[in-house]
There are 2 protein chains.
Amino acid sequence: MVFRPIRFPRGRGFSTGPVEPPLRWPPGSLPDVTASLDLTADPVELTAALVDIPSVSGEEKAIADAVEQALRAQAPHLEVVRNGEAVLARTNLGRGSRVVLAGHLDTVPINDNLPLRRTGSGDDEVLHGCGAVDMKGGDAVMLHLAAQLRAPRHDLTLVFYDCEEVEAERNGLNRIERELPEWLAGDLAVVCEPSNAAIEAGCQGTMRVEVRTTGERAHTARAWMGSNAIHAAHPVLQRLAEYTPREPVIDGLQFREGLQAVRISGGVAGNVVPDECVVTVNHRFAPDRTLAEAEAHLREVFDGFEVTVVDGAPAALPGLSAPAAAELVEASGAAPVAKLGWTDVARFAARGLPAVNFGPGSPTLAHTKQEHVAAAEIRRCADVLTRFLS
Amino acid sequence: MVFRPIRFPRGRGFSTGPVEPPLRWPPGSLPDVTASLDLTADPVELTAALVDIPSVSGEEKAIADAVEQALRAQAPHLEVVRNGEAVLARTNLGRGSRVVLAGHLDTVPINDNLPLRRTGSGDDEVLHGCGAVDMKGGDAVMLHLAAQLRAPRHDLTLVFYDCEEVEAERNGLNRIERELPEWLAGDLAVVCEPSNAAIEAGCQGTMRVEVRTTGERAHTARAWMGSNAIHAAHPVLQRLAEYTPREPVIDGLQFREGLQAVRISGGVAGNVVPDECVVTVNHRFAPDRTLAEAEAHLREVFDGFEVTVVDGAPAALPGLSAPAAAELVEASGAAPVAKLGWTDVARFAARGLPAVNFGPGSPTLAHTKQEHVAAAEIRRCADVLTRFLS
């Protein structure tokens, strides 16, 4: 499907020119743009159709409408609920276990990379465009499964949500946790973020701290009357430069921690000895440590300096020994790897679900102008999940 | 004299309320505000009168008018020239040598510290207010000498100039150098900036450089794929922290150099390994080094790093062996000290004149809301210069 701008009839409040996305449909007049979201199509074509519905964070209405209508029309075996710009769907087959598949519908801002562009063909076909890899390929796989798997082995919950690409507070999963927490319950969560179609298990935690040095202002011509806070930051940078990150193996997976200065600032004027310098440090830590343990570690590393925690998010253990997770690994036919970046996997882990990332495309392409996804990976993900759930 | 707001008659273009400084006199209607700048008064009273004429840089017209009119009316033995908002005056007695006295008329912005406030009395009287110490006390001493010394031992040039407190390019001395260079010629320059009424000789030079480290961006979750430019700045801060500044003795005066980071910046985003860090360093160097030698020294200190010169100003040798300078030291009755900060003294030194700072008040009070000057120091400066020039 190619998404075309809609023309509204002349009238108060509407422009007569083409309406550019994000579209704000007048109540009761939702145009028939969703009819061609064909859930029975090849998931590659479904990916292409989703990419061509712009859905920058905060402007997901059109894509959420399209997903909702397609599910209601083409997957009548599912219970469907709309929550803000999130769409939730599930089977209620009374299975002994439930798998939650989750994918966000929003993208980072468009960067001259829409509409969709295709290169190659057949097994070598590649889809290019905003959101192709992050993560409409994964969303398409989920929609494909929703329509195809009428009697999955595990009960199935599908969570299409909004605002993942912006501040954590706006993430649609927060609202769903508050308003519909039972929709996030289950025995395994699969977040279909790009993982090169490999199972990435667990995820590392992240913590940001500010390490502050202080001094005393003075004119640089009489510097001995002051004390230079930037000079005093030298041991902070030295400890960072000399730090050896841990590489623990957890549940058979190799994690790699990190400790990186992400910002440094200090200075009053060109002729003043500065009285403050702040180094912002981002620590990525493996899931054998809690947030509190990560903080304690940072306070030890920067012992003798003022350390302030800016923000943090806990790590998630791989949890691959859980039965459903082991089945998924089996179905994938490949060794799982550790997830190093922080993803919404950790939100499910925090709710007690084993959770993995599994989706088409390379995470290193996310947020780039050149983002693209191989058709073969989209099909592989759909195949693995179909095998797992059939 | 207390400067009072003038009321203009009602009319087009004028407010009927009090006109606040900076005052813009309508052409040909210069009000009689200068009549009471009494050059025969005690220089302390003259200081008070000058403080009460607001003269923030760029708004010196009122004070320059007052100074010009007072000199023309009360010092008819002087040749007087107006140049922009600078006022120049000199004797032409055919003496074998000439002393140039220089003072800027402008101040930093007013900071709730006008009008003038007095505390104490007699020898303990102190004048408080914007410009009191920087440098209307010095200007008052110059105006006092201008009117009192009808037959000085050295010919005398007085330079009252504008825009010293702002960017170097706007400094009125630049314009005078271009348009009236002969007015800056002489055998000794005395810049009457605050020096605790001691002779401060020479001045240190200043140079600012940027020391830059580079790296490669990467996501902090995969930091080993990048290279952290902030961590790479660790040896730069280490060299700064461990640097021992020289303290050379030149012409019997003790100088103290300095090498200080005045700014540090680096960082892309909270989850990105940064690819650039810049440390701005201010070097203050003694007058036994040229600008080029100072730069070579900095390149040696930061060997292995990218060093970019931002700006610099040469140092000035004390030059106290010149006859007129020696006489001034003798008249002051106290040991001269080295000037560590950079002042316009260096502009005169660059023109070949021995040049010193000599003025009432503490330079550490300059630019502070609390600036003030002791009446006793104003009188002491006037006495020393009178003795020297009589």
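The area buried between domain 1 of chain A and domain 2 of chain A is about 890 Å², and carbon and sulfur atoms give 71% of that; buried area here is the accessible area (1.4 Å probe) that two parts lose on being put together, summed over both. Welcome to a short tour of this predicted model, in which local features need pLDDT of at least 70 and side-chain atom pairs count only at pLDDT 80 or more, while totals for chains, interfaces and linings use all residues. Residues are numbered from 1 along each chain as its sequence is written, chains are lettered from A and ligands numbered from 1 in the order in which they are written, and side-chain values use heavy atoms, with hydrogens and water left out.

**Chain A at a glance**

- Chain A has ten helices and 19 strands, where helices (H or I, at least four residues) and strands (E, at least two) are DSSP runs numbered from the N terminus.
- Along the principal axes, the C-alpha atoms of chain A fill a box of roughly 75 × 60 × 45 Å.
- Of the 390 residues in chain A, 57% are buried; buried means under 20% relative accessible area, exposed over 50%, and partly exposed in between (1.4 Å probe, protein chains only).
- Taking contacts in chain A between residues at least 6 apart in sequence, 76% join residues at least 24 apart, a contact being heavy atoms within 4.5 Å.

**Two domains**

- The domain assignment of chain A gives domain 1 (43–202 + 316–389) and domain 2 (205–313); such bounds come from an automatic or database domain assignment.
- Domain 1 of chain A contributes 13 residues to the contact, and domain 2 of chain A contributes eleven residues.
- Between the C-alpha centres of domain 1 of chain A and domain 2 of chain A the distance is 36 Å.

**How the two chains are related**

**Strand β13 and its partners**

- β13(A) and β13(B) pair in the antiparallel sense over five bridges, where two strands count as paired if DSSP finds at least two bridges between them.
- Within that pairing, I264(A) has G266(B) of β13(B) as its bridge partner.
- In chain B, strand β13 (residues 258–267) has seven of its ten residues buried, so the rest of the structure largely encloses it.

**Helix α6 of chain A**

- H234(A), V236(A), L237(A) and L240(A) are the buried residues in helix α6 (residues 234–242) of chain A.
- They cover an arc of only 160° around the axis, which puts them on the same side of α6(A); the arc is that of the directions from the helix axis to the C-beta atoms.
- The buried residues of α6(A) pack against β9 (205–214), α5 (229–232), β13 (258–267) and β15 (276–285) of chain A, and also against α5 (229–232) and α6 (234–242) of chain B.

**The eight-stranded sheet**

- In chain A, an open sheet of eight strands with mixed pairing has the order β1-β2-β6-β3-β7-β18-β8-β17.
- At its edges stand β1 (79–83) and β17 (337–338) of chain A, each with a single partner strand, so one side of each is left without a neighbour in the sheet.
- Strand β3 (residues 98–104) of chain A runs parallel to strand β7 (residues 188–191) of chain A, with four bridges joining them; A102(A) has V191(A) as its bridge partner in β7(A).

**Strand β7 in chain B**

- Strand β7 (residues 188–191) of chain B is covered on both faces, with L188(B) and V190(B) buried on one side and A189(B) and V191(B) buried on the other.
- β7(B) pairs in the parallel sense with strand β3 (residues 98–104) of chain B over four bridges, and V99(B) has L188(B) as its bridge partner.
- β7(B) also pairs in the parallel sense with strand β18 (residues 355–357) of chain B, over three bridges, and V190(B) stands opposite V356(B) in β18(B).
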